[in-house]
Amino acid sequence: MMTVNELYKHFVGQLKIIYDERESTNITDWVFESAGIKKLDRITEKRKQLNNSTVEQLNTKLLELLKHTPVQYVLGEAWFFKMKLFVNEHVLIPRPETEELVEWVVEDVRGTMYDVRSKKSLNIPHPTSHIVHILDIGTGSGCIAIALKKELPGAEIFAIDVSKDALDIAKKNASDQNAEINFLQIDFLNEDHWKSLQSFHIIISNPPYIPESEKTKLAKNVVDHEPHVALFVTNYDPFIFYKKIAMFADKHLKANGKVYVEVHEDYSKEVQKIFAEKKFKTEIKKDMYGRDRMICAYK
């Protein structure tokens, strides 16, 4: 038998082998919370004995964490836009910067003529011409599409991904959040697949954009566990997704529509040029850390 305090100290001490003290503590708090041990209870009941099954459960999670498995995958959950989403190694872990991309879209759309109220709140159907149509390219966990649907309930949202496994997770998350999304399995890099897609007012994407040559710069828990198809692009054509998105938008963006993409902080100018070649005007937006991480393109 171990007390709450003994196991907590052991947990933090072990994690400090691979993480700094602050991250070790944050991860431990999160894992203990998931096991029903709240921070306040841990502080006020330090000498409380834990039953063997709880100790075993927590130690199993610790072993996974010591393999550099991200805590989100160990717990099967990640928070995005105040939503708890299911995640595993088939999908990218949602990042705070992507929340900022969603916020930008929501702010812009709410300032337009489009009716984004829930249909259930109206006594009459929406005029079809006033419904905003949104496409999320490379949806992964579905975090972007679901957050947009929650914030803009009257919008009609399509979300695509090349991975069936990712789409299965996105569908689960949408169901859990009661968000109606049109999911499609599409290889976006294959232009023949574009025929199954309509035109949209908003196109949004957090595509793969990290060159394979930069793998060594990333943390082990990212490189070893997160899906490479959602992270990396080849060194010989690192902007392939932005080129395809610009080509697609040139033909599938409705009048006065906009494209929103997340970008590598070092390559925002290059992505700007790609859209400029298709006669798009662009705006770069910095993230909370002052890095060039988002671009809006429009005509």
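**A few notes on this predicted model**

1. Let's begin with Ile 17. Ile 17 is exposed, because its relative accessible area is 61% and the cut-off for exposed is over 50%. Look for Ile 17 in the loop between helix H1 (4-15) and H2. Keep in mind as you click around that this is a predicted model.

2. Now for a contrast, Ala 78. You'll find Ala 78 in strand S3 (residues 78-80). Is Ala 78 buried or exposed? Ala 78 has a relative accessible area of 2%, so it counts as buried; the cut-off for that is under 20%. Leaving aside residues up to four places away in sequence, Ala 78 touches Gln 72, Met 83, Lys 84, Leu 85, Val 87 and Pro 94.

3. Next, H1 and H4. These two helices pack with their axes 10 Å apart, at an angle of about 10°. Why call them roughly parallel? Angles under 35 degrees get that label, so H1 and H4 are roughly parallel to each other. On the H1 side of the contact are Leu 7, His 10, Phe 11, Gln 14 and Leu 15, and they meet Val 55, Leu 58, Asn 59, Leu 62 and Leu 65 in H4. Sorted by class, the contact of H1 with H4 has 7 nonpolar residues, 3 polar ones and no charged ones.

4. H4 has another partner, H2. The axes of helix H2 (residues 21-34) and helix H4 (residues 52-65) come within 11 Å and cross at roughly 145°. The crossing of H2 and H4 is right-handed. Here Ile 27, Val 31, Phe 32 and Ser 34 from H2 meet Leu 58, Lys 61 and Leu 65 from H4. The contact of H2 with H4 divides into 5 nonpolar residues, 1 polar and 1 charged. Leu 58 and Leu 65 are worth a click, as they turn up in the contact with H1 and also in the contact with H2.

5. The axes of helix H11 (residues 240-252) and helix H12 (residues 268-276) come within 9 Å, crossing at roughly 30°. H11 and H12 are therefore roughly parallel to each other, and their crossing is right-handed. Which residues of H11 meet H12? They are Tyr 242, Lys 243, Ile 245 and Ala 246, and their partners in H12 are Val 271, Ile 274 and Phe 275. By class, the contact of H11 with H12 has 6 nonpolar residues, no polar ones and 1 charged.

6. Lys 243 leads us on to salt bridges. The count for the model comes to 20 salt bridges. In one of them, Lys 243 pairs with Asp 237, and the closest N and O atoms are 2.9 Å apart. Asp 237 is buried, because its relative accessible area is 17%, while Lys 243 counts as partly exposed at 36%.

7. Another salt bridge joins the side chains of Asp 250 and Lys 299, at 2.4 Å from N to O. This pair links distant parts of the chain: Asp 250 is in helix H11, Lys 299 is in the segment after strand S13 (292-298), and the two are 49 residues apart. Asp 250 is partly exposed, with a relative accessible area of 28%, whereas Lys 299 reaches 52% and so counts as exposed.

8. Asp 292 forms a salt bridge with Lys 286, with 2.7 Å between the closest N and O atoms. Asp 292 has a relative accessible area of 19%, so it counts as buried. There is also a network of salt bridges that links Glu 97, Glu 262, Glu 265, Asp 287, Arg 291 and Arg 293.

9. Last, some backbone angles to check. Most residues other than glycine have a negative phi. His 68, which is not a glycine, has a positive phi of about 70°; this residue lies in the loop between H4 and helix H5 (71-75). Asn 178 also has a positive phi, near 55°. Asn 178 lies in the loop between helix H8 (164-176) and strand S7 (182-185) and is exposed, with a relative accessible area of 73%.

Terms used: Residues are numbered from 1 along each chain as its sequence is written. This is a predicted model: local features need pLDDT of at least 70, side-chain atom pairs count only at pLDDT 80 or more; totals for chains, interfaces and linings use all residues. Side-chain values use heavy atoms; hydrogens and water are left out. Axes are lines fitted to C-alpha atoms, for helices over the stretch in contact, and angles run from 0 to 180 degrees between N-to-C directions. Helices (H or I, at least four residues) and strands (E, at least two) are DSSP runs, numbered from the N terminus. Angles under 35 degrees count as roughly parallel, over 145 as roughly antiparallel, 65 to 115 as roughly perpendicular and the rest as oblique. A crossing is left-handed if the near helix is turned anticlockwise from the far one by less than a right angle, and right-handed if clockwise. Contact means heavy atoms within 4.5 Å. Ala, Val, Leu, Ile, Met, Phe, Trp, Tyr, Cys and Pro count as nonpolar, Asp, Glu, Lys and Arg as charged, and the others, Gly among them, as polar. A salt bridge is a side-chain nitrogen of Lys or Arg within 4 Å of a carboxyl oxygen of Asp or Glu. Buried means under 20% relative accessible area, exposed over 50%, partly exposed in between (1.4 Å probe, protein chains only).
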